Amino acid sequence: MEAERKYSYYPGCSLMVTNRSYDISTRNVAAVLGIEMAEIEDWNCCGATAYYPVREKRSYVLSARNLSIAERNSTDLITVCSGCYAVLKKTDKYLSEDEELREEIRAALREGGMDYEGKVKVRHFLEVLTKDLGEEAVRRHVVNSLDGMKVAPYYGCLFGRPFGGRDEFEFPEAMDDLIRWLGGEPAPFPLKSKCCGGMLMTTQPDMALNMTGKILRNAKSCGAVCIATCCPLCQINLEGYQGKVSKRMGSDCSIPVVYFTQLMGYAFGLDAEQLALKDCLTDVDSVFAQRGSKR
Amino acid sequence: MSEKIGVYLCHCGTNISQTVDIAEVARFAETLPNVAVVREYKYMCSNPGQEMIKKDIRELGLDRVVVSSCSPLLHEETFRAACDDAGLNRFLFQMSNVREQCSWVHSDRKKATEKAKKLVAAAVMRVAKHEPLEVRKVPVRNETLIIGGGIAGIEAALKIAESGKKVYLVERDSTIGGHMAKFDKTFPTLDCAACILTPKMVQVADHPNVELYTYSEVEEVSGYVGNFKVKVRKRPRYVDVVKCTACGECVEVCPIEFKNEFDENMSTRKAIFRAFPQAVPNAFLIDKKGKAPCRAECPAGVHAQGYIALIAQRRYADAFDLIMSDLPLPSVCGRVCYHPCEERCERGSLDEPVAINTLKRFASDWAAENGVEPAPRKRTKEGKVAVVGGGPAGLACANELSKRGYAVTVFEANEKPGGMLRYAIPEYRLPASVLDRDIERLEKLGIEIRTSSPVDDPEALLREGYGGVFLALGAQKSSSMGIEGEDKEGVMGMLEFLRAAKEKKLTCIGWKVAVVGGGNSAMDAARTAVRLGAESVQVLYRRSRAEMPAHDWEVEEAEREGVLFKFLVSPVAVLGDGKAEKVKCVRMRLGEPDESGRRRPEPIEGSEFTLDADLIVMAIGQQTDIAGGMEKLKRSKWGTIEADPVTLETNLKGVFAGGDAVTGAATVVEAFAAGKRAAESLDRYLSGKDLREGRDKEIPVAPSPSTEGVKKEPRVREPVIPSIDRVGGFREITGTIAEEDAVREALRCLRCGGCSECMECVKKCEPEAIIHDQLEETVEIEVGTIIVATGYRLFDSSRIPQYGYGRFPDVYNGLEFERLCHAGGPTGGKILTSKGEKPEAIAILHCVGSRDENYLDYCSRVCCMYSLKFAHLAKEKTGAKVYNFYIDIRAFGKGYEEFYKRLLNEDIYFIRGKASEVTAVPEYPEEEGKLVVVCEDTLLGINRRVPVDMVILSAGMEPAEGADELTRMLSLSCTYGGFFMEKHPKLAPVDTPTDGIFLAGACQGPKDIPDAVSQGAAAAAGALSLMDKGVFVLEPVTADRVEELCSGCKVCIANCPYSAIEFDAEKNVSVVVKELCKGCGTCVASCPSGAAFQENFADDQIVNEIEGILLAAKGA
């Protein structure tokens, strides 16, 4: 008996363009698992990055507008982007704790005929998979076991931010578990929650390349055959600059990087199109195609 | 109404008066009904304040008093006593709390004043309805229960015991001493923990007034102050504490090793152990997890885990000795047992069960080959016993009795002993030479076996001088089907057939053989026929293969040897001219299940057919064949002997019976079990003991052991001769495994039972202190006072994953480092890394878990100081660079600051900053192969990375495991973090809100040794003052019943959280036990008939109180 699994879904801007494959693989994996994800209507930017340091309150309004739309559905709100996740969660927390801020933001929402009562629970898809579904529900769908494949689970720095509700901060284990359930072996990956450099890649590339380099090098030294990510920005930083990074670090830092949803989809027997594998910038064929599919 | 009420308004310095306009409240109070006088005073609780009240009572004739001041928790007793003093019943007084509930929590003076008025009005209106109540006094017993034998509990115990009163000290561990016993040095004086602790431990153990219950837990506490009833569960130690001399000989021979908890799992200990050499009581104990499942499943209770453990240690002779003490015929059993133990083996859930029976055969055959004999037996008992029947049951009984020191004579009717083992089990499964070898060994051990000696009358044996008789007559007759032509030549019973084959009196060359039946005996018969040269062998079975009672492997082997099977057929007649030639059969179908659960076969009409058969063997069961002079024995309707299932007594006194003759045909190991059971009965019978008492003790089966980190490994296979080589003769099919295979197989055992019960310690123990069948025991004690001193547990550092505890072998917690420093620890006091090297740099991380909103909010108070101690010891012992990562240094105790200063001059680094992580990922060349502590140095304002070889996490303190349970058991409350709540944080730190129960040590909050000891002494003083007074005044504010109104519905009984209500069945009413009632009022609220009421909380009192508030509200 499958429990009824209904959620709202907030894809976020990057999943519409640069990280389309994350959106596609997420939706297809959810379909296999019987998770109903209703994309919320007319959503807007979560309020991340540029807004934050410049116009803090405006970023809350942007975020709160999304929460307000999600509130109509009375289900938990899933996002797969760790950036959106952190921002939405932070906004929700601040609004619930700071009465003055809350009233100001609500007033702004009311101007547009909306309101937010603070009833939305923001969830990362990874957390939903491991907490709400759990091992049996995932294992049941595995047709292509990862068969001991060593995967470096990379969480990045936003997934573990302590905005409440979760118990893993510094050293998350959710993706490690998930990899095990898919038949793989999570690599002991000490840098799994270190920052990838984020937006610094555009403003302070020297610093960011250094940060990315350490992560890639560490994943390789742990014996991983690929890195699994759970954030579009991490994905771009880790997969997009491997040439530059290798040059900078003085050693080969190339390693396939995939979304954890693509890894799941592969284990569930989905095809390359369903996982949008052609969007990947690294040699994911060495991970997927060579192993073949049992389906 | 003519009450005269005095109202007293306290300023509490400025605590109340700065927020509440007391003059205004006074003016208002004067207007309230019945108020005769209103006074205000700066400190009403002071002597002049109290005198003021007393004077008014005496001079103005006040009959009610209201004091408006602080919380009743603080001063209700003060003012009640003042009323008492002046001759006014102490319950004609009411207190209103305008400090905690008003002035302290409000800032608006006007509103606060209005609220104060309401509170005062409520009290005035309420007190008018108060009734005088009488206090009751209860006697206080002179004994104290102390829960927890750490340093606080020890101190309290000694203080009370010294005063001449009795102490029961209950400790969960096997030794007292608590955490302190694990410490190396103590701060700030650096004296050795053991040197100052162990004398006290010994003193406690030796004190005539202290009764020590170690390895015990408080299970239940009932009663009330002065008269507590306590149940203490004593877990079995399996070693007599009094007899054990702690010589340690047992440890040498124990084959089982576990991680040593006392060394924080950094070393190993045996299953028989003591925590440390100075343990108190200084006696060993055995770690048993329960009955090993293999033993639990074995009908004869064989100690399988024991001989497996000994084989794993290559101690085959010891293993054999153990088997011999359980079984009379080990080599036989190792071949023919159907080994139910293996089905239950926990290893099976990981890969495959341990080949238990194969190992037994290995040890037994090894002993035979190497001429090893079991330990000789001494005759220590007077009586002699006669065993009738030399089969497995009889021999098992004889073996067991001879082991217990009796002279035994076995009477066997046949020419050779062995019973069915000799005549019914085919040679290829059990060679006669093996049986002879096993039986000869029994004779060598002193058991007399008289063959060709049938016994007709068991009572004649008793008259001959045998103290008791065991009848193990077996089931000697093959059952017959009763079909037409069954008496023809060429039809044989299974037993006759097998016996003839064994005695080589029969061949089947060229014959067509039909075997009727589907059990193991049918398989034996069929496979024997194959070997006797039969042209074809067919098994006829009336059900289908799934219902066959024969073991799967027997059926498979038979098939492999060429036996054919015809299922769902049943013979109806044997045809032939004088001699059997054909058998007529009918086909069957399966109908409804019968009482055995198998589907009942029904003949299909008209389906008859015939088969050619020269020989038809009826293998459909065995019957008891008891004849001769046994007619006095009571029999069942099936012809078996009737015997008591527990004692095996028959209707004849002194005559016991067991085995197939009682149960019908069963397995060899069941016969062994019956023989052992009979031996127990005969032993009891001959020594005049009760035959039933304490028998068949229920020992719980051990829980499934952890298989974490256990590698999968296939089970050993016995060598088997190929089937092609088998059928030409009766060569034994299976062989004995090789020594190396046996050892490897034995090492697969998961040691479910903990102790393997190999009995080696029993052999070694000269004072005979070991009691393997000891049971848990519950003792009930009565005490007047209780001191809770349950201590703490160390914060689990793996909860902070970024520090790598549990991931990096060189990250240690505080207790582990204590053991590393300790001369008695895993490294003998050398501080070494996991690679066995001396560390060059050591980091000590302060505040691990403590002062951290994600884990423990509070400061654990001891970590700064023990970190400093570690720093000193590490420096002293290794000369390494030592870095302390701290937030603040809290060196608040006597001599602590001085110790800190001393450390500052010892070349030790102090970095102010909480470490953010410990990582093994190097960024710089000097970090290669090191652990790197990352932190922000908040004094320098920079980020730092410090490479080290060892990290010590100074973890904080949490309440001990089980503190929750104790909270419920003793009705205690908890404060932050789950530590027990004291009555008052400053003024009553060792009292609890429950009268007669005191706290001492870290269970009340994190604490160092000096503080814990002080509290131990203080709690002792509290308990002593109660006990010395001898009486305790009970609060009369309890519930009661109007008996006439009570309908006896028992709703209140179910609702009472203190179990203080009993039911009087005679009057059909519920009765409140006043001593137990805490006055919570739950029963009053739940009483549907209004019979329940509570003193001082009557309806009119509460209604008046509310009216007071409303009145003041209206006035404002």
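Among contacts in chain B between residues at least 6 apart in sequence, what percentage join residues at least 24 apart? The figure is 73%. Keep in mind as you look around that this is a predicted model.

## Chain B as a whole

Let's start with the overall picture. Chain B holds 34 helices and 48 strands. Laid along its principal axes, the box filled by its C-alpha atoms is roughly 130 × 85 × 60 Å.

As for burial, 47% of the 1116 residues in chain B count as buried.

## A parallel sheet

Now zoom in on one sheet of chain B. Four strands make up this open sheet, and reading across gives the order β2-β1-β3-β4, with parallel pairing. At the edges sit β2 (35-41) and β4 (93-97) of chain B, each of which pairs on one side only. From one strand to the next, the twist averages 15°. In general, strands of a sheet pair through backbone hydrogen bonds, and that can happen in a parallel or an antiparallel way.

A helix joins in too: α1 (residues 22-30) of chain B packs on the sheet and touches β1 and β2 of chain B. The direction of α1 makes about 170° with that of β2(B).

## Strand β3, from both sides

Take β3 (residues 64-69) of chain B next. With β1 (residues 5-10) of chain B, β3 pairs in the parallel sense over 5 bridges.

Why is β3(B) described as largely enclosed by the rest of the structure? Because 6 of its 6 residues are buried. You can check this face by face: B:Arg64, B:Val66 and B:Ser68 are buried on one side, and B:Val65, B:Val67 and B:Ser69 are buried on the other.

## A look at B:Leu169

Elsewhere in chain B, find B:Leu169 in strand β7 (residues 166-170). Is B:Leu169 buried or exposed? B:Leu169 counts as buried because 29 C-beta neighbours lie inside 10 Å, and the cut-off for that label is 20 or more.

Leaving out residues up to four places away in sequence, the residues that B:Leu169 touches include B:Ile146, B:Gly149, B:Ala157, B:Val204 and B:Leu212. Another pair to look at is B:Leu169 and B:Thr214: they are 45 residues apart in sequence, while their C-alpha atoms are 7.9 Å apart in space.

## Chain A and its two domains

Over in chain A, there are two domains to pick out: domain 1 (6-123) and domain 2 (144-268). Their C-alpha centres lie 24 Å apart. Where they meet, 20 residues of domain 1 of chain A are in contact with 19 residues of domain 2 of chain A.

On the domain 1 side of that contact, α1 (20-33) and α4 (82-97) of chain A each supply at least two residues. The residues on this side divide into 7 nonpolar, 10 polar and 3 charged.

## Where the chains touch

Finally, how many residues does each chain bring to the contact between chain A and chain B? Chain B gives 6 residues and chain A gives 6 residues. On the chain B side, 3 are nonpolar, 3 are polar and none is charged.

Technical notes: Residues are numbered from 1 along each chain as its sequence is written. Chains are lettered from A and ligands numbered from 1 in the order in which they are written. This is a predicted model: local features need pLDDT of at least 70, side-chain atom pairs count only at pLDDT 80 or more; totals for chains, interfaces and linings use all residues. Two strands pair if DSSP finds at least two bridges between them. Axes are lines fitted to C-alpha atoms, for helices over the stretch in contact, and angles run from 0 to 180 degrees between N-to-C directions. Two residues are in contact if their C-beta atoms, placed from the backbone, lie within 7 Å. A residue is buried if 20 or more other C-beta atoms lie within 10 Å of its own, exposed if 12 or fewer, and partly exposed in between; C-beta atoms are placed from the backbone. Ala, Val, Leu, Ile, Met, Phe, Trp, Tyr, Cys and Pro count as nonpolar, Asp, Glu, Lys and Arg as charged, and the others, Gly among them, as polar. Domain bounds come from an automatic or database domain assignment.
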